[in-house]
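Hi,

Here is the structure I promised to pass on. Have a look at it first, and then read my notes below on how two of the chains meet.

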4 protein chains.
Amino acid sequence: MSAAPARNETPRVKTAILLLDCPDRKGIVAAIANFLYRHNANILHADQHQDNELGLFFMRVEFALEEESVGSGGFDLTEDECRAAFAKIADDFSMNWRLEFGNKPARVALFVSQYLHCLADLLSRREAGELRCDFALIVSNHEAARALAEFHRVPFHYVPIDRADKQASERLQLDLLAEHRIDLVVLARYMQIFSDDFCKHLRGRAVNIHHSFLPGFKGAKPYHQAHTRGVKLIGATAHFVTADLDEGPIIEQIVERVDHSFTPETLAAAGRDSERRALSTAVRLLLENRVFLDENKTVVFK
Amino acid sequence: MSAAPARNETPRVKTAILLLDCPDRKGIVAAIANFLYRHNANILHADQHQDNELGLFFMRVEFALEEESVGSGGFDLTEDECRAAFAKIADDFSMNWRLEFGNKPARVALFVSQYLHCLADLLSRREAGELRCDFALIVSNHEAARALAEFHRVPFHYVPIDRADKQASERLQLDLLAEHRIDLVVLARYMQIFSDDFCKHLRGRAVNIHHSFLPGFKGAKPYHQAHTRGVKLIGATAHFVTADLDEGPIIEQIVERVDHSFTPETLAAAGRDSERRALSTAVRLLLENRVFLDENKTVVFK
Amino acid sequence: MSAAPARNETPRVKTAILLLDCPDRKGIVAAIANFLYRHNANILHADQHQDNELGLFFMRVEFALEEESVGSGGFDLTEDECRAAFAKIADDFSMNWRLEFGNKPARVALFVSQYLHCLADLLSRREAGELRCDFALIVSNHEAARALAEFHRVPFHYVPIDRADKQASERLQLDLLAEHRIDLVVLARYMQIFSDDFCKHLRGRAVNIHHSFLPGFKGAKPYHQAHTRGVKLIGATAHFVTADLDEGPIIEQIVERVDHSFTPETLAAAGRDSERRALSTAVRLLLENRVFLDENKTVVFK
Amino acid sequence: MSAAPARNETPRVKTAILLLDCPDRKGIVAAIANFLYRHNANILHADQHQDNELGLFFMRVEFALEEESVGSGGFDLTEDECRAAFAKIADDFSMNWRLEFGNKPARVALFVSQYLHCLADLLSRREAGELRCDFALIVSNHEAARALAEFHRVPFHYVPIDRADKQASERLQLDLLAEHRIDLVVLARYMQIFSDDFCKHLRGRAVNIHHSFLPGFKGAKPYHQAHTRGVKLIGATAHFVTADLDEGPIIEQIVERVDHSFTPETLAAAGRDSERRALSTAVRLLLENRVFLDENKTVVFK
């Protein structure tokens, strides 16, 4: 018996999202606004940010591809034409840029070990229509998640870790990501450390949940650390995966109030709530193309 | 394929929980403390509260039944002896009281209609070991939850509502509750209104999730109401079921921050998060025997 | 003895802020971006929003008036020239618009009755450099705030309410507002009801703090209402003043967690915290020109 | 001109508060409950906690000294008699204990340097009747707080720090604390480090506000650290003063949500809010005798 098809998804007007960052200078907004106006785009949302220290400019523009009112016409370029036309502007301003055209759902790979609460939460939110994406595969070094994967009809790949040859496992994982044309990797309590090369390869495309409010309790057993320290708030951090383990650019953080009556076990239970919420929020923000890497920080347009 | 057995459940020392409320007067605490000391109980947690307006006293005491250190002996009464012995004290003080002895998991019935996010969250938390109970059955007036129920190996009962004879459905539901010896009924977005008699029968034993921060937006379509009013926070309320629909004693409330950019649809998505969290927290508090009815309010010992 | 001069105020580059709303159509952003680019403005922040139901477009643009790097030149219009030049664009798009040029601090009138906690908080935050404005006068129907006003060197005006002729008081108050060229009126727990005419006159320029999480507990004694209802969260709402008392467009809302142990008095104390925070946040947002009226809602660019 | 007398203070029934901690064993609660019942005390609030790792028991009992209803009589011991009678029980159980009898307000010394926002907040809350205490003196190594002190009629003592002889300053401060019979020292952004001896002398009687969510950003310039790290939440920690600077037992922590648009300056402004709230909450909890030291943690009965 498998899960019901996703619910609650309202049919939406087709849109395109343009994401860019570049050295900050005058005229960027005018160039983009003119481009969109010239091609009859209806801007739905626009956000911008300047990092004054690094001299960088970030922008996200979402515009309608179809016209709701008859007669006014819509955006007059196809995806390919749009890319070709915008490339010239992007070149002028030395932009990093990306165009998400027509609401194609991102293809997501979920990595998990034995704790399944984040995975179950993500799968359930996908069912509820809160996450627009295809969960293309689940990768695990354990069998614990197989039943859940099958119920949700997501292909499950058991990739054990050969401690003598960790690179073999990573090669297998990379092959899976390539084969399934994965856009985003979500480490939903995956308890293995990746090599630097693997992290670099996934730069800006992989999110991890750290079971602590960083930089509070780095390293192992954060809930025991928190208990020993007697903190009054506990939390979790969703961040981009980088080679430097607990130092990846932070996307979302959540805390819960705790007190002296909490044990390491009940702290962990409170922490799991923060983990679910921080990771699912970060994944949603990434799927909605709202997150930019800004060196070791992020820009998140909510 | 079905879900894995529950994880993360730490073996715990066996305990008993005594819950009582009575007219407030001197000597209650001394009487209880002496009773427990006389029978060699080790008190683990104790909470008390006075409602000065109504002149009521509330108490929850949790004590160990076994002894961790050898030689000191443990609580020296069996469950039956304990009930018999305490009945005299309870009588002296005109107590309403309840004894939960030996961590027997409560038997819970889940009612749901078409929105499955709260149900999925509760089932997943049960898997993760966060809710100590038996989900004995799922009752629904739709078929939408059947697959989820079967995956989690919870018996599913489809009870359609005959609009011409609603009482027939309620009789069927009451038979199911009796047959399965249900301790707690959880309305996890069950969209039918019960009769007054049904509500009275379940007084203090049924919790509902209202998809609004009460008393903010009573009645239908709270997220549309919230959008029209332009609120900056949105939330949900878990409350005891009473005949007066949106006026049941409140157990838990959760809010999320929202802004002008939210549509009724994204408000609803934010609201679903509050619903999941408020309901699962309320259910956990009820299962841990931390909630008392205090007329149209609650006393919740967290 | 009077308060020390304000601290913590970092010298800032001079900026202008353009605020506008108009019927939504294509080309608005391009027109504004071109105008600013043509006159060599460096855009620092830009936010926009569409109200699709009402077909309205809102925009806030902040741009630098001076140039930090030598040689590139800055914005090439004076304030008067800028107004004249932009008026043509505004006319084309039927804009409501406002230009705040050169960081001139707003002139604020504070109204208060006998509860001084919000007033004290606002005055203290002004001292700390958190609120960029001139507190030009304090108006009260009581003498309670006089000492605090004098300590902070804000002129204090005692305007008693003649119950037989309330309009006389309002005329006096309006004269004070005109005489002191007041931009913003802050009702910091001012317990008198204004006439409809007075409210209309101040439309969009007066903020009130309601000591409840609206629409939860309208009317009098919200903390007693909250206690009777047994809520688990309590809060406050800062909103624009309108003739319809508790229905003004909401700018900010804050809640605090409470439980059964709270009395109406301790609920009120918790509520005062929400009042301070909601009102001071709303005032700061207004002073930073981040708040738009959108019929009976607000658009707040944080 | 000086501040108005404190408002909002409801007359309260006279109470006593008994605070104790001791090695955990059976019979403690019974002994205390019997003592109070024997002497006709009406228990108003009681809280207890076990630290199972350290084998410690903590208890706070508040009981009425007067009787509201005629004829039933009240607590039948004077303060001295109560101390003498309870000392025997305390001895039996090797208790650390303290009796606060008859709501005598604690005498508090406030230490501050140049940032006055926490001081102003505490003074204003005292005015509003939220903090039951005498602010007996303000000590500062700067003159910045003098005007505020005088307005609130709190004696101001300027104690400059002689870098060549820091101990001389500390001796002067200790003399002031002794002379004014100070119960509680509040470091409201006092930017000097005390000697180990000074800290030991004040153990359990001095609270500090650390302008960071510990253990997140220890050391100097936490808001710059937070900005560099790109955190999404920022906060403050109120903790007992210990020789180990940022490691004192935590009493209260508060966080605020921030994002990429915050500069170190606006992070600091957000942080000041957390500082005000964390410190004033911690001070209130201390004044209400709700905080116990539990080695390097705290037990806080809210």
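Let's start with charges: how many salt bridges are there between chain D and chain B? The count is zero. Keep in mind that this is a predicted model, so everything here is computed from predicted atoms.

Polar contacts are another story. The rule finds five residue pairs in polar contact across the interface of chain D and chain B, with both residues at pLDDT 80 or more.

Which parts of chain D supply at least two residues each to the side that touches chain B? Those are helix H1 (28–38) and strand S2 (42–51). The most comes from S2(D), which gives seven residues. If you sort the residues on that side of chain D by type, you get eight nonpolar, nine polar and two charged.

As for the extent of the interface, 19 residues of chain D are in contact with 19 residues of chain B. About 1600 Å² of area is buried between the two chains, and carbon and sulfur atoms give 50% of that.

Rotate chain D by 180 degrees, with 0.0 Å of shift along the axis, and chain D superposes on chain B with an RMSD of 0.0 Å. The two copies are therefore related as by a two-fold rotation axis.

Cheers

How values were computed
Residues are numbered from 1 along each chain as its sequence is written. Chains are lettered from A and ligands numbered from 1 in the order in which they are written. This is a predicted model: local features need pLDDT of at least 70, side-chain atom pairs count only at pLDDT 80 or more; totals for chains, interfaces and linings use all residues. Side-chain values use heavy atoms; hydrogens and water are left out. Contact means heavy atoms within 4.5 Å. Buried area is the accessible area (1.4 Å probe) that two parts lose on being put together, summed over both. A salt bridge is a side-chain nitrogen of Lys or Arg within 4 Å of a carboxyl oxygen of Asp or Glu. A polar contact is a pair of N or O atoms within 3.5 Å; within protein, one must be able to donate a hydrogen and the other to accept it, and residues adjacent in sequence count only if both atoms are side-chain atoms. Helices (H or I, at least four residues) and strands (E, at least two) are DSSP runs, numbered from the N terminus. Ala, Val, Leu, Ile, Met, Phe, Trp, Tyr, Cys and Pro count as nonpolar, Asp, Glu, Lys and Arg as charged, and the others, Gly among them, as polar. Copies are superposed by least squares on the C-alpha atoms of residues with pLDDT of at least 70 in both.
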